[in-house]
Amino acid sequence: MNRDAVRDRGAKLMNLAHRVVLTVSGNRVLAKPFGMPVVELHTVGRKSGLPRSCYLTAPMHDSERVILVASKGGDDRNPDWYRNLQANPDAELVIDGARRVVHARTATVDERAELWPQIVAAYRGYGQYQTRTQREIPVVICELRS
């Protein structure tokens with residue numbers, strides 16, 4: 001098994017463990033790692049067309065949008081959830097117990113320049129992830145729909 005496959009499997013196991021802890025604790029334990037709320041992102045697989053979900057942190061959110069960071073821990077590859085959103089930008093997020101329909105898009109250069117310092121202020125780890133990779137880590141703006 002190659003290094004990327006091992007990393008991907010580890011990330012999936014960590015996501016599963018997070019799901020179990022949240023479920024068993026009634027969404028009390030690990031609901032705000034590093035001070036950021038956990039969101040459950042529901043997408044459609046870009047290849048399979050099947051429903052996919054994963055847990056992510058949202059360094060910023062308000063009544064109109066949720067900001068996600070496609071860091072994949074500083075990996076040189078974009079995360080699958082991000083590639084799914086590129087192919088199918090209409091998705092759903094569960095945040096603070098409410099399931100919301102969103103339209104996701106990658107932040108423009110100017111938007112990213114404005115958001116990135118705020119993202120790193122919310123969690124320094126994102127800045128460290130950026131130093132690990134040659135790619136510019138995408139910032140995803142999920143616009144909440146009514």
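The side chain of Gln-130 reaches the backbone oxygen of Arg-135 at 2.7 Å, a polar contact in the sense of a pair of N or O atoms within 3.5 Å, where within protein one must be able to donate a hydrogen and the other to accept it, and residues adjacent in sequence count only if both atoms are side-chain atoms. This is a predicted model, in which local features need pLDDT of at least 70 and side-chain atom pairs count only at pLDDT 80 or more, while totals for chains, interfaces and linings use all residues. Residues are numbered from 1 along each chain as its sequence is written, and side-chain values use heavy atoms, with hydrogens and water left out.

**Surroundings of Gln-130**

- Gln-130 belongs to helix 4, which covers residues 125–132; helices (H or I, at least four residues) and strands (E, at least two) are DSSP runs, numbered from the N terminus.
- Setting aside neighbours within four places in sequence, Gln-130 is in contact with Arg-112, Trp-116, Arg-135, Glu-136 and Ile-137, contact meaning heavy atoms within 4.5 Å.
- The C-alpha atoms of Gln-130 and Asp-75 are separated by 9.0 Å, although these residues are 55 residues apart along the chain.

**Helix 3 against helix 4**

- Helix 3 (residues 109–122) packs with helix 4 at an angle of about 120°, their axes being 7 Å apart; axes are lines fitted to C-alpha atoms, for helices over the stretch in contact, and angles run from 0 to 180 degrees between N-to-C directions.
- The two helices are therefore oblique to each other, given that angles under 35 degrees count as roughly parallel, over 145 as roughly antiparallel, 65 to 115 as roughly perpendicular and the rest as oblique.
- Helix 3 contributes Arg-112, Trp-116, Ile-119 and Val-120 to this contact, and helix 4 contributes Tyr-126, Gly-127 and Gln-130.
- The residues of the contact of helix 3 with helix 4 divide into 4 nonpolar, 2 polar and 1 charged, where Ala, Val, Leu, Ile, Met, Phe, Trp, Tyr, Cys and Pro count as nonpolar, Asp, Glu, Lys and Arg as charged, and the others, Gly among them, as polar.

- An open sheet is formed by 7 strands in the order 2-1-5-6-7-4-3, with antiparallel pairing; two strands pair if DSSP finds at least two bridges between them.
- Its edge strands are strand 2 (51–57) and strand 3 (60–61), each of which pairs on one side only.
- Helix 3 packs on the sheet, where it touches strand 3, strand 4, strand 6 and strand 7, and its direction makes about 95° with that of strand 7.
- Strand 5 (residues 90–95) runs antiparallel to strand 6 (residues 98–106) and is joined to it by 6 bridges, with Glu-92 having Val-101 as its bridge partner in strand 6.
- The hairpin of strand 5 and strand 6 has 2 residues between the strands, and in it Asp-96 takes a positive phi near 55°.
- Strand 6 also pairs with strand 7 (residues 139–144) in the antiparallel sense over 5 bridges, and the bridge partner of His-103 in strand 7 is Glu-143.

**Salt bridges**

- The count comes to 7 salt bridges, a salt bridge being a side-chain nitrogen of Lys or Arg within 4 Å of a carboxyl oxygen of Asp or Glu.
- Arg-83 forms a salt bridge with Asp-80, the closest N and O atoms being 2.6 Å apart.
- Because they are 3 residues apart in helix 2 (residues 80–87), Arg-83 and Asp-80 are separated by about one helical turn.
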